[in-house]
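Here is a brief report on a two-chain model. Please look over the structure first, then read on.

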Amino acid sequence: MRQWFLEMYRVWWREFRLVLRDEGVVIFFFGVCAVYPILYSLIYNTEVERDEPIVVVDDCRSQLSRRLARNLDATPEVKIVSYAANMQEARELMHRKKCYGVVYIPRDFDMDVNRGEQGHVSVYSDMSVMFRYKNMLMAITNVTQAMGGELQSQRLAPFTYGGVELIESRQVPIGNTGMGLASAVLLFILPLVIQQSMLLGIGMLHGGSIERRRRNRGYDPMEEPACVSATVIGKMLCHQIVYVAPVVYVLHFTPMMFDFPQNSNLLHSVALAVPFIIAVSFMGQTLQAVVNERESVFLLFAFTSVIFVFLVGVSWPRYEMSRFWYTVGDCVPSTWMSNGYVLMQSGGATLSQIVHPYCMLWLQCGVFFVLAYAVERFVSRPRYRSWQRKAAADADSLQRFDIIKNGVG
Amino acid sequence: MLQGMVKFYFVESFKRGMVQMVRRPMYILMMVIIPLLGCFTLMDLMKAGTIRRVPVGVVDMDDSELSHRLLRTMDAFQQVNIKHQYKDFKEAKLAVQCGDILGFYYIPEDLEKRTLSARGPVVSFYINYSYFAPASMQYKGFKTISLLTNAGIVQTTLRTVGLPSQAIMATMQPYNTHQHMPANPWLNYNYYLSTSFVPCFFALFILLLTAFSLGTELKSGLCRQWLAVAGDNMVLALTGKLIPQTVVFTSVGWFIQWLMYCVYDLPLNCNPLHMLVAMPMFVMANQGFAVLMFCVTPNFRFGSTLCTLMGMLSFSFCAFSLPEEAMYPWVAAIGYLVPMKYYFLLSVDQAVNGIDLYYSRLYYAALVGFVVLPLVLSWRIKRECLNPIYVP
């Protein structure tokens, strides 16, 4: 037992040195965690769209239609950039991307309204980005409802003698009270940045080790001889220590810098991150088996970010996914981490309220440990041994393999 | 004579590129299998199209005939799905915090009494905006329910005084807005996400793989051989090496377009040829962009890092979710540095809106520009190739 701890300690210490000496890994572990959250936050930092350019086609030219246009222009959502003579002209402006929406007020608009009938307004919106449509809709709904309300009370009064009043409804946004895009999206993305940087870094470390083995007849001079479980756990502990600073910075200070919802305290965030980092470390040690050289991690791991973002449920809610994709999402640590983190940071939940994600993370630690152990024991180590045998018979065989694979010889 | 030489060298480097591509299973894996699987994943994930049945809760403190009617109406709505009725505000709030529901509808005490005695009844909806897309759906659902309930109340009152239904309608809603949503009248969310995210995802693979195949030459030191085969002409070496990949990527891209427009029925309102032609241009533009990144930093790791960075950030820079006029100007400007932005704009113009090709001419031209630019700067890669230094 003592021997085991000693081995684990040596692996831990060696992994530490490997991480800090390798510029590429340092960039992944620290650089990515430092830069990506800031870049992403800056991109979405405007949070909402203000003054979307629209065009009005006013065929009515009455006092009422002008008032409608004026009120529209006064909303924060849209801004009238021009008045077009007809729909043809408005469409031309839209195609040239001078505006992203058209409001058409027909000729008999005010006549209808004054006659006690419904006044009709037509709205055309650019449908390439959901945000624009939402803005346009919000502006026109608010304006017509406010103007309609005035008219309504005038018309209703004689009939109801003040006997009935309409139910007023009030929206109270919770969690992300500013209803901004960045505050909603970024909290999901932040844990994902940690996960991806870690996967890339672990993959690159392994790629480096494989390259050293190729050059040294199947042996890695930087490897600490240790039993499988000591190797896997020793590396994990090293990642855990290395990631203390990035976790605190990404999960605690980034929301502070950009004023995202911050309803969780540091202790709870870190407590949630502990099983997350363990699970991701084991996941990385499982997936590293496919990495054969340092730089192929870009190719093999970078794209998974996109898939994981979708599985987290940030663009498309998880409850709408099919059973299959839901289950796939369950298997990724970031899914539980992001959802738990959002509930804490945005909803103000305590750790005791998010028991389910928290327990799932611990469960993943167990599962990924078994997987990482199996990969190291039954895939990686037998492979190294076969290399060593091959190299013992023919010293250059491993390097020659490299040349045949890449070049034309 | 010169023409013959060029042809000879081109054929030689083309052959070399072919052999290289076929020899490593990694290339086929990352060019064909994974991109197709990934694009299928993205489209299949969201194939439902519209977000429905958002899990919500209700708190009914009134427990009257009116409030029951209101909840019955809500239950019949497809936007929201009442998961649970909570006994008070606190319980519902805890449920939101635990993530069981994404919002709740709160009916205060005396709703009916206040309504009938005209004392300003107010209902509230609490919506968790941390989940952005379901939140807007919830808002829409809750708002409609409140409007319908009001309509019910007023209609009864007005009918008793004998007003015709047309006049009742005009009183209820004096201004009627007709919404026209060309190309997407169903508000299908998949139309937005798939038309933008799927090509961007594909672009990521083109960038990464091009960077990888260039970087491998530099790293393995075989770049001298690469250059020699092309008669020391960098442009020939690059084109010979990359054209086999262009062919494979273009075929995969067409297959993805087929998946998008034929299998998943995303809008294609233009002549299909416009999009088919755009695909090889898009593939080459992305290859060109990756080469350009290598011209900037002729080093395997830095080049790959730049390609990954730009490829990943394109999802945000290119303004698929937050429109570009809402971004900081410098952020929106960076979007124009990547080929994906132009492909996105032209696919919106052509496939989604179906407008004249004339309006998209500049986007097509920009894609061509991305192919030409790196060829001009290729001397930087050549210098590195003649004297390769591998920095791990």
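## Strand β4 of chain B

In this predicted model, strand β3 (residues 103–107) of chain B pairs with β4(B). The two run antiparallel, and four bridges join them. B:Tyr106 stands opposite B:Ser124 in β4(B).

β4(B) also pairs across the chain boundary. Seven bridges join it to strand β5 (residues 168–174) of chain A, and here the strands run parallel. A:Arg170 stands opposite B:Ser124. B:Ser124 therefore faces B:Tyr106 in β3(B) and A:Arg170 in β5(A), as strands of a sheet pair through backbone hydrogen bonds, either parallel or antiparallel. Is β4(B) enclosed or open? Five of the seven residues of β4(B), which covers residues 122–128, are buried, so the strand is largely enclosed by the rest of the structure.

A second pairing joins the two chains. Strand β4 (residues 119–125) of chain A and strand β5 (residues 175–180) of chain B pair in the parallel sense over six bridges. B:Gln179 is the bridge partner of A:Val123.

A:Glu52 has A:Val78 as its bridge partner in β2(A).

## The chain A–chain B contact

How many residues of chain B are in contact with chain A? The count is 99 residues of chain B, against 94 residues of chain A. Helix α6 (residues 132–160) of chain B gives the largest share of the chain B side, 13 residues. That side divides into 62 nonpolar, 31 polar and six charged residues.

Helix α14 (residues 339–352) of chain B has 14 residues. The distance from its first C-alpha to its last is 19 Å, close to the 20 Å expected at 1.5 Å a residue. 14 of the 14 residues of α14(B) are buried, so the helix is largely enclosed by the rest of the structure. B:Gly354 follows α14(B), with a positive phi near 60°.

In chain A, A:Ile202 has its place in helix α7 (residues 181–215). A:Ile202 is buried, with 30 other C-beta atoms within 10 Å; the cut-off for burial is 20 or more. Leaving aside neighbours within four places in sequence, A:Ile202 is in contact with A:Gly284, A:Gln285 and A:Gln288. The C-alpha atoms of A:Ile202 and A:Val297 are separated by 9.2 Å, though these residues are 95 apart along the chain.

## Chain B overall

Chain B has 16 helices and five strands. Its C-alpha trace spans about 100 × 45 × 35 Å along the principal axes. The radius of gyration of chain B is 29 Å, whereas a compact globule of 392 residues would have one near 21 Å.

Of the 392 residues of chain B, 51% count as buried. Among contacts in chain B between residues at least 6 apart in sequence, 78% join residues at least 24 apart.

How values were computed:
Residues are numbered from 1 along each chain as its sequence is written. Chains are lettered from A and ligands numbered from 1 in the order in which they are written. This is a predicted model: local features need pLDDT of at least 70, side-chain atom pairs count only at pLDDT 80 or more; totals for chains, interfaces and linings use all residues. The expected span of a helix is 1.5 Å times one less than its number of residues. A residue is buried if 20 or more other C-beta atoms lie within 10 Å of its own, exposed if 12 or fewer, and partly exposed in between; C-beta atoms are placed from the backbone. Two strands pair if DSSP finds at least two bridges between them. Two residues are in contact if their C-beta atoms, placed from the backbone, lie within 7 Å. Ala, Val, Leu, Ile, Met, Phe, Trp, Tyr, Cys and Pro count as nonpolar, Asp, Glu, Lys and Arg as charged, and the others, Gly among them, as polar. The radius of gyration is taken over C-alpha atoms; the globule rule is 2.2 Å times the number of residues to the power 0.38.
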